[in-house]
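I opened this model to look up its sulfur link, its nonpolar packing and a loop position, and I kept the entries in the order in which I worked.

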Amino acid sequence: QVQLVESGGGSVQLGGSLTLSCTASGFSLANHVIGWFRQAPGQEREGISFINGRGDDIYYTDSVKGRFTVSRDNAKNMGYLQMNNLQPDKTADYYCATGAVGAVIPELYAYWGVGTQVTVSS
């Protein structure tokens with residue numbers, strides 16, 4: 001059974017840090033792009049970052065550049081999103097997804113986790 005599970009969400013104060021994990025089961029992540037997305041209440045799902053299978057093609061949306069770091073460990077079948085200097089406007093549900101194309105377009109991703117909630121308080 002193909003499954004993605006996010007973990008590591010929680011509540012942090014302004015300027016705090018969290019590292020999200022994305023664990024895959026039922027398939028190998030090694031040949032897949034891992035995308036990270038977030039969705040705040042009442043808003044559309046927003047692409048944040050992606051990393052390709054080898055880890056040598058990485059993208060960040062402008063709003064997180066310099067503060068978020070995406071990585072992966074294919075041996076562990078996991079991906080990670082380290083988030084530093086979190087701001088209240090980053091409160092959202094965060095999702096990982098896998099796809100074949102390096103882009104942060106949700107429709108290009110076939111498998112999704114159920115999300116993990118991140119709350120940033122001021």
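My entries on the disulfide, the cores and the loop follow.

**Basis.** I am working from a predicted model, in which local features need pLDDT of at least 70 and side-chain atom pairs count only at pLDDT 80 or more, while totals for chains, interfaces and linings use all residues. I number residues from 1 along each chain as its sequence is written, and side-chain values use heavy atoms, with hydrogens and water left out.

**Disulfide.** I looked for disulfides, taken as pairs of cysteine sulfur atoms within 2.5 Å, and the count came to one. The bond joins Cys22 to Cys96, with an S to S distance of 2.1 Å, and the link is right-handed, with 70° about the S-S bond. Because Cys22 lies in strand β3 (residues 18–25) and Cys96 in strand β9 (residues 92–99), the pair ties together parts that are 74 residues apart in sequence; strands here are DSSP runs of E, at least two residues long, numbered from the N terminus. I find both Cys22 and Cys96 buried, where buried means under 20% relative accessible area, exposed over 50% and partly exposed in between (1.4 Å probe, protein chains only).

**Ser21.** Ser21 is also found in strand β3, and I note that it counts as buried because its relative accessibility is 14%. Leaving aside neighbours within four places in sequence, I list its contacts (heavy atoms within 4.5 Å) as Val5, Glu6, Ser7, Trp36, Met78, Gly79 and Tyr80.

**Cores.** I then turned to the nonpolar cores, each a set of buried Ala, Val, Leu, Ile, Met, Phe, Trp, Tyr and Cys residues joined through side-chain atoms within 4.5 Å. The largest has 25 residues, of which Trp36, Phe68, Leu81, Met83 and Tyr94 touch the most other members. Its largest share, four residues, comes from β3. For Phe68, sequence neighbours within four places aside, I record contacts including Arg38, Ile48, Tyr60, Leu81, Met83 and Tyr94.

**Gln87.** Last, I looked up Gln87, which lies in the loop between β8 and β9 and is partly exposed, with a relative accessible area of 26%. Not counting residues up to four places away in sequence, Gln87 touches Leu14, Gly15, Arg67 and Val120. Gln87 and Ala97 are 10 residues apart in sequence and 23 Å apart in space, C-alpha to C-alpha.
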